[in-house]
Amino acid sequence: MADNSNNQQETFNKPKVELHVHLDGAIRLETILDIAKKRGIALPADTVQEMVQLCTVSEPATLTEFLSKFNHYMHVVAGDREAIKRIAYEFVETKAKEGVIYVEVRYSPHLLANSSVDPIAWNQKEGDLTPDEVVSLVNQGLSEGEKAFNIKARSILCCMRHMPNWSMDVVELCKKYRNDGVVAIDLAGDESLNCEAYPGHRKAYEEAVRSGIHRTVHAGEVGPPSVVREAVEVLKAERIGHGYHTVEDQTLYKQLLEQNMHFEVCPISSKLTGACDPDFTKHPLIRFKEDKANFSLNTDDPLIFNSTLDTDYRTVQKYMGFTEEEFKRVNINSANSSFLPEKEKKDLLNRLYEAYGMMKSTSF
């Protein structure tokens, strides 16, 4: 299952679950170069090594600097049907090699489309690829990848904080494709743009609640605990993307612990985006671990961080004292907090219990 071709022993070489990873932040650099060549798009880099220099961050940066990296390659993939299906398929292959047996991958359909979207992203010319067809293409790529690599992959559709006029479209696409691979809605982007000022997001999430669509929200990554509170109380989030700054509001943190709220933690990401203290020994995740909080370990944007899931596992083992037992607990919590239907969730949990040599009654 796992790929140890780099001769480095995997930190946790048992089946894993990943819940927070962005499709457009997990594309292979070789694929970007290949698609650019096929489409006749000139890039300022010709080799993978040059692309690494261009597209990745290796030192703590601001979230703005991090987001600027997408400008170097997203125009290569966006608007191209074959490319979109290909990156979804290859994503599943990559995750299978990392020992992941269930993954939820997220993206904004509007950022990959070039028709029926205002404004069109990445300076693309108007074309005929709608957000609806983008979802269909990603679903096809994920589904073919599932069959080829014996892994389950589902997707989450992202609303963008700076584009509230897209959000109702997003929830409608979640409803349309809920039986075809899409399991939830997300809200990503600049956390300073709250829902009081942008009611389009609130309306979309109200519709998601009414329609039984699962909900996660990026909150408390670089923003204050108030953004997390809004995500939980206004948007009725069932999971929090990142959530590190929740610990700064003890009342809210205690409340979310009691509710067993799930935090989608991305350790490498949190350092390189400037979300947390770059000293991993001071990371809020240590508090989460001590308090037996409900959280997952995830890569977020492995292309930009030049990382794999094992990089995150290795980091928390080295700097935060995670043990094999804790990694098992993390993955069981991740499976329990996944947005799969109950029967599929039970099947996933049973696969983990079996792989971990645990009887169900000894679950955490």
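**Labels and their cut-offs**

Mentor: Strand 2 (residues 100-107) and strand 3 run parallel and are joined by six bridges. This is a predicted model, where local features need pLDDT of at least 70 and side-chain atom pairs count only at pLDDT 80 or more, while totals for chains, interfaces and linings use all residues. Residues are numbered from 1 along each chain as its sequence is written, and side-chain values use heavy atoms, with hydrogens and water left out.

Trainee: What makes strand 2 and strand 3 a pair?
Mentor: Two strands pair if DSSP finds at least two bridges between them, and here there are six, so they count as paired. Strands are DSSP runs of E, at least two residues, and helices are runs of H or I, at least four, both numbered from the N terminus. In this pairing Tyr107 stands opposite Leu157 of strand 3.

Trainee: How do you know that strand 3 and strand 4 (residues 182-188) pair, and in which sense?
Mentor: Six bridges again, in the parallel sense. One to look at is Ile156, whose bridge partner in strand 4 is Ala184.

Trainee: Why is strand 3 called largely enclosed?
Mentor: Buried means under 20% relative accessible area, exposed over 50%, and partly exposed in between (1.4 Å probe, protein chains only). Eight of the nine residues of strand 3 (residues 152-160) are buried, so the rest of the structure largely encloses it.

Trainee: Why is Ser58 called exposed?
Mentor: Its relative accessibility is 61%, so Ser58 counts as exposed. Ser58 sits in the loop between helix 2 (48-55) and helix 3 (63-68).

Trainee: What makes strand 3, helix 8 (residues 167-176) and strand 4 a right-handed unit?
Mentor: The test is the path from the first strand over the helix to the second: with the strands pointing away from the viewer, clockwise is right-handed. This β-α-β unit is right-handed.

Trainee: Which residues of helix 10 (residues 225-233) are buried, and what covers them?
Mentor: Pro225, Val227, Val228, Glu230, Ala231 and Val232 are the buried ones. Their cover includes strand 5 (214-219), strand 6 (239-242) and helix 11 (250-258), going by contact, meaning heavy atoms within 4.5 Å.

Trainee: How do you know how confident the predictor is?
Mentor: From pLDDT, its confidence in each residue on a scale from 0 to 100. The chain averages 94, and 96% of the residues score at least 70. Over residues 1-7, though, pLDDT stays under 50.
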